Amino acid sequence: MPEYAVLRSMAGVGDRLGPLILAEIGDIRRFHSGKALNAYAGNDAPPYQSGTFESHNRHISKRGNAALRKYCFEVMQALKLTRPQDDPVYLFLLKKEQEGNPYNVAKMAGVDKFLRIYYARAMETLKQQ
């Protein structure tokens, strides 16, 4: 699969997590956007509005693929251990932690960015073929 090379080249993804993440995602062409991939992982906030009220402080839905969410969270932990200074996901994690976000909130924001970047790179690779 050509998208495996894309996933494997991302920081924090090793020989164990790469195949697991790819197996949980399956064919990347099923998703129309990076947001759809995040929704599949259950890392999106469901809408909450009633009349003119619209909530902005919401939690992730957890309706999606729990295994994919777990594997991506492990990638975030690997990023924190290896500290790749040129990786955009790691820099985003640091930014969220410096903003004062709690541990899990910062990590799930990193997962969101990780999945969106992976989707964009994988689709670019598939278009080139």
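Reader: Which side chains meet in a salt bridge at 2.7 Å, N to O?

Author: Side chains of opposite charge can pair when their charged atoms come close. In this predicted model, the side chains of K70 and E74 do so, at 2.7 Å from N to O.

Reader: Where do K70 and E74 lie?

Author: Both are in helix α4 (residues 66-82), four residues apart, which is about one turn of the helix. K70 is partly exposed, at a relative accessible area of 48%, and E74 is partly exposed as well, at 27%.

Reader: How many salt bridges does a search of the whole structure find?

Author: The search finds seven. Among them is the bridge between K80 and E97, whose closest N and O atoms are 2.8 Å apart. This pair links distant parts of the chain, with K80 in helix α4 and E97 in helix α5 (residues 88-98), 17 residues apart.

Reader: What else forms a salt bridge with E97?

Author: K107 does, with the closest N and O atoms 3.2 Å apart. Here too distant parts of the chain are linked: K107 belongs to helix α6 (residues 103-128) and E97 to helix α5, ten residues apart. Through shared partners, the salt bridges join K80, E97 and K107 into one network.

Reader: Is K107 buried or exposed?

Author: K107 is buried, with a relative accessible area of 0%.

Reader: How is a pair of aromatic rings described?

Author: By the distance of the centres and the angle of the planes. There are two aromatic pairs in the structure. In one, the ring centres of F31 and Y40 are 5.3 Å apart and the planes stand at 55°, so the pair is tilted. F31 counts as buried, at 9% relative accessibility, while Y40 counts as partly exposed, at 28%.

Reader: Which aromatic pair is edge-to-face?

Author: That is F73 with Y103, at 6.3 Å centre to centre and 75° between the planes. Because F73 lies in helix α4 and Y103 in helix α6, the pair ties together parts that are 30 residues apart in sequence. F73 counts as buried, at 18% relative accessibility, and Y103 as partly exposed, at 46%.

Reader: Which residue lies over the face of Y40?

Author: R30 does, at 5.1 Å from the ring centre. Elsewhere, K113 lies over the face of F92, at 5.1 Å from the centre of that ring.

Technical notes. Residues are numbered from 1 along each chain as its sequence is written. This is a predicted model: local features need pLDDT of at least 70, side-chain atom pairs count only at pLDDT 80 or more; totals for chains, interfaces and linings use all residues. Side-chain values use heavy atoms; hydrogens and water are left out. A salt bridge is a side-chain nitrogen of Lys or Arg within 4 Å of a carboxyl oxygen of Asp or Glu. Helices (H or I, at least four residues) and strands (E, at least two) are DSSP runs, numbered from the N terminus. Buried means under 20% relative accessible area, exposed over 50%, partly exposed in between (1.4 Å probe, protein chains only). Rings of Phe, Tyr and Trp (its six-membered ring) pair if their centres lie within 6.5 Å; planes under 30 degrees apart count as stacked, over 60 as edge-to-face and the rest as tilted. A charge sits over a ring if NZ of Lys or CZ of Arg is within 6 Å of the ring centre and within 35 degrees of the ring normal.
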